[in-house]
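Hi,

Here's the structure I said I'd pass along.

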Amino acid sequence: MSTLPPEPPSSEITPESVYLGRREFLKNGALAVGTAALVGSGLMLLVGQKPPPDVPDSPPIAAVNPPAAQPAANPSGALLPAVAATGPFTTDEPLTSFESVSTYNNFYEFGLDKDSPARQAGTLLTRPWTITVEGEVAKPQTIDIDTLLGWFPPEERIYRMRCVEAWSMVIPWLGFPLGDLIKRLEPTSNAKFVELVTLNDPKQMPGLKRPVLEWPYVEGLRMDEAMHPLTILATGLYGKVLPNQNGAPLRLVVPWKYGFKNVKSIVTIRFTAVQPKTTWALAASNEYGFYANVNPEVSHPRWSQATERRIGDLGRRKTLPFNGYAEQVADLYAGMDPKTLY
Amino acid sequence: MVTTDESLPARPGEVTRAAVQPVSRPSPQRAAPLPWLKPGLILGSLVPLASIILRAFQGSLGANPIAEIINELGLVALIFLVAGLACTPARWLFGWAWPVRIRRELGLLAFSYAVLHFLVYVVLDQGVDLGTIVEDIAQRPFITVGFLALVLLVPLALTSTSGSVRRLGFKRWTLLHKLSYVAGVLAVIHFIWRVKIDLSQPLVYGSILGALLLIRVAFWLRKRSETPAAAVGGRRKA
């Protein structure tokens, strides 16, 4: 007479302990997942994970031999033919990707992480831009960047770049010999060194608010080093205008020295009779000297300089004396103890 | 005064004793309180490793992926080491018991990440070039202290079981595990000597470690001043 379905046999009834246990299990599972999320996100926050920066896109530079039909939208990393470099001014080693060259930078004026400059250097205004020439020079003057660039057609130089942190790149620069500019500026016979200074504007360079180094960033060369044909002032790379994070609009490139010598975003060229007080030498003179010649024999006090990782490679390679430019520059240092040239 | 039993460091044996106590819920097989804590911690601890592996496959570890991997693994190891060292002071200061329950796991996680950090340096960074590695460890102070910190963690990881506490005796076990502080200090020095110029991050961890050490010293001094008669007097009589 009952319309109800038959009761399930008592053997099928879930015991109360199991029933409650299941609820407990679900609750604990949820708490465990919550804890995991908290621990995981806390760790990621402390380790500081950010998505990689966007690869910048700069307008192409008209090199000495501009191509007849230049595509309007130059794809990222495309190489424009420039003056065919020869001998030590080029290398057939594989180029480091434009992405790596433009997102892995030490430019502390825009932050201390390697990817900070690519994120933050958008605030740098590269026009109008002037360069002040002063010190031991016949005619101190202030030159507009475009005037200066008009004096010297860009040449392509493919150089190895060896960072003091034991990594390296191969970069196709566009630029002109610093020596050509120096000849034109006519330093006096008192000028034994040239000092190059980076812009020091906290409004454009957020990293300047932190006193990690003595600002402005100053680097310098002995006059014969500055006049050496390998030494260039770069205005572009990969056939394009220098990305801001690479030191736009004008930066030094001295391929046989550690990368920190290559002062970026130059606003002052000063000729001096005495050796300039350079930024990294002031910060730690036992670790970063004035000469900073690449030397696998002289270790940094805290790490070896014998090998380097070429960015993009998995393994390490041996570091060469003078970064492979010994044949061209070793005689600049004849009679000097190479151990003191770090 | 905080000299109740609660304020003393938990002996690993005691945790299991608490676990056997009956729970109000009718679930007799119920294990330790907060049964979700350890699984949650361990699951969460895998996130940085999973993230590294994922980004390695995506190629989004930046231009120098090996350096990035080494740095991240090392930092996670240091975070776990400092967290493990904070458990006992947290109990003293706030009366929290739960951190001590995961102290062993925190220590083992620190050790695991430190081993990974070292292995990536040996295999990926140096290509198992043993000559260079030995030279690095012997000649570069920052690598020497980092390696020493890892070596000190080995006996601690090996004696992390409750059985080891029984075999060694609680006193000797505790003394041995004080090495974790030495390892922590060495790890911070390793970090300080490694960075090029910006010391802010290593100094944050150094300060936390220093504060934890000071808390221990303060509690140790207080304990000593509260029970001097027994200790000193007893020795005098003997």
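Starting with chain A: of its 342 residues, 41% count as buried. Keep in mind that this is a predicted model. The chain holds eight helices and twelve strands.

On confidence, chain A averages a pLDDT of 87, and 89% of the residues score at least 70. Helix H1 (residues 16-47) of chain A has the lowest confidence, at a mean of 87, while strand S9 (residues 251-253) of chain A has the highest, at 98. One stretch to watch is residues 65-81 of chain A, where the pLDDT is below 50; beyond near neighbours in sequence, this stretch has 21 contacts in the model. Where pLDDT is low, the predicted coordinates should not be read in detail.

Now the sheet. Five strands of chain A form an open sheet with mixed pairing, in the order S2-S1-S10-S5-S6. Strands S2 (141-144) and S6 (218-222) of chain A stand at the edges with a single partner strand each, so one side of each is left without a neighbour in the sheet. On average, and with direction ignored, neighbouring strands here are turned by 20° against each other.

Going through some of the pairings:

- Strand S1 (residues 130-135) of chain A runs antiparallel to S2(A), joined by four bridges, and Ile131(A) stands opposite Ile143(A) in S2(A).
- S5(A) is joined to strand S10 (residues 266-272) of chain A by six bridges, again antiparallel; Phe193(A) has Thr272(A) of S10(A) opposite.
- S5(A) also pairs with S6(A) in the antiparallel sense, over five bridges, with Glu219(A) in S6(A) as the bridge partner of Leu196(A).

How covered is strand S5 (residues 193-198) of chain A? Six of its six residues are buried. That goes for both faces: Phe193(A), Glu195(A) and Val197(A) are buried on one side, and Val194(A), Leu196(A) and Thr198(A) on the other.

On to the cores. The largest nonpolar core has 69 residues, and those touching the most other members are Trp173(A), Val194(A), Leu233(A), Ala234(A), Leu237(A), Leu252(A) and Ile266(A). Strand S4 (residues 167-177) of chain A gives the most to this core, with six residues. Leaving aside neighbours within four places in sequence, the contacts of Leu252(A) include Leu178(A), Leu196(A), Glu219(A), Leu233(A) and Ile266(A). There is also a second, separate core of 43 residues, which includes Ala67(B), Ile69(B), Val76(B) and Val145(B).

Why does Tyr121(B) count as buried? Because 21 other C-beta atoms lie within 10 Å, and the cut-off is 20 or more. Tyr121(B) and Ala67(B) are 54 residues apart in sequence but 8.6 Å apart in space, C-alpha to C-alpha. Beyond its neighbours within four places in sequence, Tyr121(B) is in contact with Ile70(B) and Gln126(B).

Last, where the chains meet: the contact takes 40 residues from chain A and 33 residues from chain B. On the side of chain A that touches chain B, the elements giving two or more residues are H1 and helix H2 (98-103) of chain A. H1(A) gives the most, with 20 residues. That side of chain A divides into 21 nonpolar, eleven polar and eight charged residues.

Cheers

Technical notes
Residues numbered from 1 in each chain as written. Chains lettered and ligands numbered in written order. Predicted model: local features only at pLDDT ≥ 70, side-chain atom pairs only at ≥ 80, totals over all residues. Pairing = 2+ DSSP bridges. Axes fitted to C-alpha atoms, helices over the stretch in contact; angles between N-to-C directions. Buried ≥ 20, exposed ≤ 12 C-beta atoms within 10 Å, placed from the backbone. Contact = placed C-beta atoms within 7 Å. Core = buried A, V, L, I, M, F, W, Y, C linked by C-beta atoms within 7 Å. pLDDT = per-residue confidence, 0-100. Nonpolar A, V, L, I, M, F, W, Y, C, P; charged D, E, K, R; others polar.
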